[in-house]
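Welcome! Here is a short tour for anyone meeting this structure for the first time. Please have a look at it before reading on.

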Amino acid sequence: MFAVSLQASGVQVADEVCRIFYDMKVRKCSTPEEIKKRKKAVIFCLSPDKKCIIVEEGKEILVGDVGVTVTDPFKHFVQMLPEKDCRYALYDASFETKESKKEELMFFLWAPEQAPLKSKMIYASSKDAIKKKFQGIKHECQANGPEDLNRACIAEKDLHMGICAFQGHHALGRGTLQIHIAQVDLPAHPTFVFHCPCTGLQLHLSD
């Protein structure tokens, strides 16, 4: 995680970015072919001169890709993010509450630890510019590494909104931990350590 005191960067947002957000947000009655062309996920980046937020070419998943060329859309989405640079993204996610299932957009700020500090700073300071264009977004995730994109962890962060599952994965706090240990040679009094990637907490169990 990084924390810096930043002012607005003055970065602009391309019209195409706004159009894509509107198309993803407004679910019109469409033909099957039009639905297939709808975006499931899309990634945005800064232009080469760092003055505008644009759509990153080739970094999208269409609804029609799911089950055809893309088996697990969220896993595919995570793999599209660069290891050593920052990005913004929109993902049309499925959420579950106690009462129902629903699909809503989620905004991501991807700022991996290996990204250059300058890139982290400009993406952080420009986030408000793109968020102002994405009116009505209820779900947001800032990820600094793959562990922050664990589906159960994302659901955990949205528990306060009544969300109990994200993309079919239930929040860790809402389930029962079941541990199966094979019959192997163990010390007389073994100690097991379980680590939660979401909270950083460790559970120590001893005989």
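Which backbone oxygen does the side chain of Lys120 reach? Keep that in mind as we go; this is a predicted model.

## A lysine tucked away

The side chain of Lys120 reaches the backbone oxygen of Glu113, at 3.1 Å. Lys120 belongs to helix α4. With 8% relative accessibility, Lys120 counts as buried, because the cut-off for that class is under 20%.

Let us move to β5. Of its 10 residues, 7 are buried, so β5 is largely enclosed by the rest of the structure.

On one pairing, β4 and β5 run antiparallel and are joined by 10 bridges. A hairpin is formed by these two strands, with 4 residues between them.

Phe107 stands opposite Glu140 of β6. Together with helix α4, the strands β5 and β6 make a right-handed β-α-β unit.

## One face of helix α1

Which residues are buried in helix α1? In this helix, which spans residues 15–25, they are Val17, Ile20, Phe21 and Met24. Viewed down the axis of α1, the buried residues fall within an arc of 100°, so they line one face of the helix.

## Two partly exposed residues

Lys50 sits in the loop between β2 and β3. Its relative accessibility is 42%, so Lys50 counts as partly exposed. The backbone of Lys50 is worth a look too: phi is near 65°, a positive value in a residue other than glycine. As a general point, most residues other than glycine have a negative phi.

Glu34 is found in helix α2, which covers residues 32–36. At 46% relative accessibility, Glu34 counts as partly exposed. How many residues apart along the chain are Glu34 and Gly64? They are 30 residues apart, and their C-alpha atoms are separated by 9.2 Å.

Technical notes
Residues are numbered from 1 along each chain as its sequence is written. This is a predicted model: local features need pLDDT of at least 70, side-chain atom pairs count only at pLDDT 80 or more; totals for chains, interfaces and linings use all residues. Side-chain values use heavy atoms; hydrogens and water are left out. Buried means under 20% relative accessible area, exposed over 50%, partly exposed in between (1.4 Å probe, protein chains only). The arc is that of the directions from the helix axis to the C-beta atoms. A polar contact is a pair of N or O atoms within 3.5 Å; within protein, one must be able to donate a hydrogen and the other to accept it, and residues adjacent in sequence count only if both atoms are side-chain atoms. Two strands pair if DSSP finds at least two bridges between them. A crossover is right-handed if, with the strands pointing away from the viewer, the path from the first strand over the helix to the second runs clockwise.
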